[in-house]
Amino acid sequence: MGVKAAYMVPHPPLIVPEVGRGEEKRIRSTTEAFEEVGRRICRQNPDTVILVSPHQILYGDYFHISPGVGASGDFGRFGAGQVKVEAVYDTEFTEMLCQFAAGEGLPAGTLGEREKALDHGTMVPLYFINRYCRDYRLVRIGLSGLSFAEHYRLGQLVRRTAEALERNAVLIGSGDLSHRLKKDGPYGYRKEGPQYDKAIMEIMEKGAFGELLEMPEDFCEKAGECGHRSFVILAGAMDGQSVRSERLSYEGPFGVGYGVCAYEAEGPDFSRCFLEAYEEKKRLERLRRREQEDAYVRLARETIEHYVRTGQIIGTPEGLPEEMCGRRAGVFVSLKKDGRLRGCIGTIQAVQSHIAEEIICNAVSACSRDPRFSPVGQEELEQLTVSVDVLGDTEKIASPGELDAKRYGVVVTKGYRRGLLLPNLEGVDTVEEQIAIAKRKAGIGEHEEAELERFEVVRHV
């Protein structure tokens with residue numbers, strides 16, 4: 001027993017005829033693929049269906065698993081309140097999954113439910129499944145703002161739970177693809193939209209799940225997808241298994257990509273332990289980075305490691321380059337984990353007596369006092385990548401035309417409100433994006449006038 005099959009499906013409410021009122025005919029291929037998914041699940045006769053939905057309750061640092069004995073919902077917000085969906089939860093499965101997550105230190109559980117009713121990311125797949133199969137219990141899981149790797153780990157625990165309970169289980173990864181395929185689509189057009197859909201359908205058709213972990217998060221965000229993390233959990237549930245994969249359909253007539261793929265587990269295949277391979281690759285990359293670190297980054301890392309382990313701030317080491325001890329400048333120290341920001345604190349202008357002290361002070365703050373994040377734990381130290389930006393002098397400019405998002409950082413000022421954004425950041429490609437983010441950090445409205453300053457940096461990585 002275990003997770004014997006899995007399905008990647010979209011969740012457009014208009015595919016339900018009472019909602020679509022004829023519009024569903026424009027996604028006939030998706031409808032037919034959904035019907036096929038329902039028939040296959042009927043043949044598999046699962047004890048438990050695990051459904052992962054991006055429209056379930058979402059927390060930045062926690063996976064919410066629906067508590068209780070069951071829930072229901074309807075399509076009232078889509079004009080079809082008469083269409084109702086009910087689900088009975090597999091409480092034993094949920095309880096054991098939460099226990100396994102706690103044992104592995106993965107933040108997942110049943111706390112924090114804000115809305116009991118089923119969301120449309122859950123109801124649309126169940127609408128089709130229930131036409132063929134009703135004798136099952138549901139486990140309903142939401143996504144989080146955690147890394148792709150953490151979503152994959154949750155999928156692994158889903159499989160482990162199914163095996164421990166000897167459940168015949170099926171997993172549904174509910175999620176639309178890009179919402180930015182057409183100018184008249186819900187979020188307009190971006191080139192990353194069709195690029196994402198092409199890439200994800202190739203990955204999912206082949207069952208090349210390791211490539212899901214490698215896809216840059218900022219690329220996914222620009223594509224406007226909503227299902228990537230659902231698909232990563234699906235991949236984790238099939239980890240270490242030989243998988244027969246099949247593409248059932250893809251279309252996007254409304255500016256949103258809808259893809260349907262099916263997977264059947266065919267026995268162990270240890271060459272498909274994708275998270276293990278991904279983490280080993282990242283470990284080797286971190287080792288290579290450490291070997292190449294210059295004095296600036298090395299000082300920041302040593303400061304962080306010493307502070308996290310002892311709670312003490314190191315003194316300025318001997319033998320540093322003359323510039324670090326003989327010059328003053330503003331410094332930003334940035335930490336990343338699994339490619340995602342884990343802390344960033346800095347000073348626009350020098351506060352300490354020299355650059356080395358500025359690095360030490362800001363490295364401590366970045367790992368322990370960034371209000372956006374919890375303090376870095378000892379178990380995270382080996383996974384961190386560290387960078388240090390040494391700022392040049394700021395100069396006032398008359399207009400955004402004097403900026404370049406790759407070359408210059410920006411400071412925006414409105415009265416006492418002041419915000420800064422460093423240059424050449426992943427996912428920030430234009431001056432407009434740069435200014436908008438800096439304004440948000442300062443609490444300045446998007447359309448408020450603000451004074452602009454620019455500066456250059458020397459980045460040490």
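## Local contacts, helices and cores in a predicted model

The side chain of glutamate 448 reaches the backbone nitrogen of glycine 445 at 2.7 Å. This is a predicted model. Glutamate 448 lies in the loop between helix 14 (431-442) and strand 17 (451-455). Its relative accessible area is 28%, so glutamate 448 counts as partly exposed. Beyond its neighbours within four places in sequence, glutamate 448 is in contact with Lys414, Arg417 and Lys439. Lysine 414 sits 34 residues away along the chain, yet the C-alpha atoms of glutamate 448 and lysine 414 are separated by 8.4 Å.

The table gives their setting.

| Residue | Relative accessibility | Location |
|---|---|---|
| Serine 334 | 11% | strand 11 (residues 331-337) |
| Asparagine 130 | 10% | loop between helix 4 and strand 7 (137-142) |

Which residues does serine 334 contact, leaving aside its neighbours within four places in sequence? They are Gly343, Cys344, Thr385, Val386 and Ser387. Asparagine 130, with residues up to four places away in sequence not counted, touches Val85, Glu86 and Tyr136.

**Helix 11**

Helix 11 covers residues 295-310. At 1.5 Å a residue, its 16 residues should span 22 Å, and the end C-alpha atoms are 22 Å apart, so the two agree. At its start, a side-chain oxygen of aspartate 294 comes to within 3.1 Å of the backbone nitrogen of tyrosine 296. Just after the helix, glycine 311 has a positive phi of about 75°.

The buried residues of helix 11 include Tyr296, Leu299, Ile304 and Val308. What do the buried residues of helix 11 pack against? Their partners are helix 10 (274-292), helix 12 (322-326), strand 11, helix 13 (355-368), strand 13 (384-391) and strand 18 (457-460). Strand 11 is also where serine 334 is found.

**Helix 5 and the cores**

Helix 5 has 17 residues. From first C-alpha to last it reaches 25 Å, close to the 24 Å expected at 1.5 Å a residue. The helix is mostly covered, with 12 of its 17 residues buried. Among them are Phe148, Tyr152, Leu154, Leu157 and Val158. Glu150, His151 and Arg159 are buried as well. Glutamate 166 follows helix 5 and has a positive phi, near 55°.

In soluble globular proteins, nonpolar side chains tend to be buried together. The largest nonpolar core here has 54 residues. Within this core, Leu171, Met204 and Tyr263 touch the most other members. Helix 5 (residues 148-164) gives the most to this core, with 7 residues. Not counting residues up to four places away in sequence, leucine 171 touches Val3, Ala5, Ala6, Tyr7, Ile50, Val52, Val158, Ile233, Leu234 and Ala237. A second, separate core of 37 residues includes Ala71, Tyr136, Val260 and Ala262. Tyr136 is also one of the contacts of asparagine 130.

**Helix 2 against helix 4**

Two packed helices are described by the angle between their axes and the distance between the axes. For helix 2 (residues 28-44) and helix 4 (residues 120-129), the axes come within 8 Å and cross at roughly 65°. Helix 2 supplies Thr31, Phe34, Glu35, Gly38 and Ile41 to the contact. Helix 4 supplies Val124, Pro125, Phe128 and Ile129. By class, the contact has 6 nonpolar, 2 polar and 1 charged residues.

Notes:
Residues are numbered from 1 along each chain as its sequence is written. This is a predicted model: local features need pLDDT of at least 70, side-chain atom pairs count only at pLDDT 80 or more; totals for chains, interfaces and linings use all residues. Side-chain values use heavy atoms; hydrogens and water are left out. Helices (H or I, at least four residues) and strands (E, at least two) are DSSP runs, numbered from the N terminus. Buried means under 20% relative accessible area, exposed over 50%, partly exposed in between (1.4 Å probe, protein chains only). Contact means heavy atoms within 4.5 Å. A nonpolar core is a set of buried Ala, Val, Leu, Ile, Met, Phe, Trp, Tyr and Cys residues joined through side-chain atoms within 4.5 Å. A polar contact is a pair of N or O atoms within 3.5 Å; within protein, one must be able to donate a hydrogen and the other to accept it, and residues adjacent in sequence count only if both atoms are side-chain atoms. The expected span of a helix is 1.5 Å times one less than its number of residues. Axes are lines fitted to C-alpha atoms, for helices over the stretch in contact, and angles run from 0 to 180 degrees between N-to-C directions. Ala, Val, Leu, Ile, Met, Phe, Trp, Tyr, Cys and Pro count as nonpolar, Asp, Glu, Lys and Arg as charged, and the others, Gly among them, as polar.
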